[in-house]
Amino acid sequence: MGKIILTGDRPTGRLHVGHYAGSLKRRVELQNSGQFEKIFIMIADAQALTDNADNPDKVRQNIIEVALDYLSCGIDPKVSTIFIQSQVAELCELAFYYMNLVTVSRLQRNPTVKTEIKMRGFSDDVAEGDTTQKKGIPVGFFTYPISQAADITAFRATTVPVGEDQEPMIEQTREIVHKFNSVYGETLVEPQIMLPTNSACLRLPGTDGKAKMSKSLGNCIYLSDSAEDVKKKVMSMYTDPDHLKVSDPGKVEGNTVFTYLDAFSTDEHFAKYCPDYENLEAMKEHYRRGGLGDVKCKKLLIAVLEELLQPIRERRKHYEQHIEEVYDILRRGSDEARKAAAETLNDVRNAMRINYFEDKELIARQAAEYRKE
């Protein structure tokens, strides 16, 4: 069996440059590398509903937003299978079986689950009918790692490109695969994680310097932002608060502008837009010793981001004028994904010995036994 990729995003809003740096750019590179037999890219609407159950229209509308972002970034539906999670019913059945292989205490120890619960303001001690502002943890959200394991194994994914915050989730998938294969025999494929190669891309901070770029915090630069919006956001970006004058020495570490330049700039960008410096390291050194203002650094970043985003915007405009075509891509992708997942589910049911109607030997043997009596 060849190498297979499974990756995707929750449709809770437009995708931003953090998504691009952390996964989208790499997906396009992998897609075009020819190294993989299949690439499945999932719009995880069912997982998004676990904490947006009271706002299904938000998830529904963002299906098309995410699809447009995928296509505009260069995901090719002739090479990669783009599909909608909820349209592949087999994933739910696989998750149901996997629930028997994971304990509650193991889920509670998952660092990603704990972090996400805290971020969303969920509490595990809210009684039914409680009128406080606290929200109880939805079971679907709590069992998110199990659902993710179903997604990954359904397509026999050998490789899962994700950010470092998802490492505990992939590890839990590996545990589920190991447990299933130990109990029922070798059936499922154990996936390997693929992290971004550029350390600056592991977790791109928000424009306000917060640890994570997040739609809910309003600190994102979206892939669909206009040139003017990008300029405004970069010019207001968090830098070194102690760098009050151009002559002051500045800190590069924790400086959002330099983190973004680490993620997106190349030596060619310096030759083109900022020939005063040979490369980013030369600019950093000048900033550290003083004499370099934030505005010059930000103007470089604006130019770098504009070079990245301008062709993405152009491709997006095309697909925005052909929405029916986008939905046809999603429908065909979902049909293909369902066929692949159905094959895995059939193997799982056979391994678990719950394939009663297909097991002709079982029926014949039992029939013979009862006839003897």
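This is a predicted model: local features need pLDDT of at least 70, side-chain atom pairs count only at pLDDT 80 or more; totals for chains, interfaces and linings use all residues.
## Overall picture

Here, a residue is called buried when its relative accessible area is under 20%, exposed when it is over 50%, and partly exposed in between, using a 1.4 Å probe and protein chains only. Residues are numbered from 1 along each chain as its sequence is written, and side-chain values use heavy atoms, with hydrogens and water left out.

The protein chain has 16 helices and 7 strands; these are DSSP runs numbered from the N terminus, with helices being H or I of at least four residues and strands E of at least two. The C-alpha trace spans about 100 × 50 × 35 Å along its principal axes. Take contacts (heavy atoms within 4.5 Å) between residues at least 6 apart in sequence: 75% of them join residues at least 24 apart.

## The largest pocket

A pocket is found on a 1 Å grid over the protein atoms alone: it is an open set of points where a 1.4 Å probe fits, with protein on both sides within 12 Å along at least five of seven lines, and its lining residues have an atom within 4 Å of a point. Grid points are joined across faces, edges and corners, and the volume is the space filled by probe spheres set on the points. The largest pocket holds about 1,300 Å³. Its lining counts 47 residues, with Arg10, His19, Glu116, Asp165 and Lys212 the closest to the centre. S1 (4-9), H1 (17-33), H6 (111-119), H8 (144-154) and S6 (159-161) each give two or more residues to that lining, and H1 has the largest share with 5.

Asp165 sits in the loop between S6 and H9. At 21% relative accessibility, Asp165 is partly exposed. Setting aside neighbours within four places in sequence, Asp165 is in contact with Thr112, Arg203 and Lys212. From Asp165 to Pro111 is 54 residues in sequence and 8.7 Å in space, C-alpha to C-alpha.

H8, one of the pocket-lining helices, is mostly covered, with 10 of its 11 residues buried. Among them are Tyr144, Ile146, Gln148 and Asp151. After H8 comes Arg156, with a positive phi near 55 degrees.

S3 (residues 81-84) is covered on both faces: Thr81 and Phe83 are buried on one side, Ile82 and Ile84 on the other. S3 pairs with S2 (residues 38-43) in the parallel sense over 4 bridges, where pairing takes at least two DSSP bridges. Ile43 stands opposite Ile84 in S3.

## Nonpolar cores

A nonpolar core is a set of buried Ala, Val, Leu, Ile, Met, Phe, Trp, Tyr and Cys residues joined through side-chain atoms within 4.5 Å. The largest core has 60 residues, and Val17, Tyr70, Ile221, Leu223, Tyr260, Phe264 and Met283 touch the most other members. Helix H14 (residues 294-320) supplies the largest share, 10 residues. Leaving out neighbours within four places in sequence, Phe264 has contacts that include Val17, Tyr20, Leu204 and Leu308. Another core, of 43 residues, lies apart from this one and has Ile4, Ala44, Phe83 and Val88 among its members.
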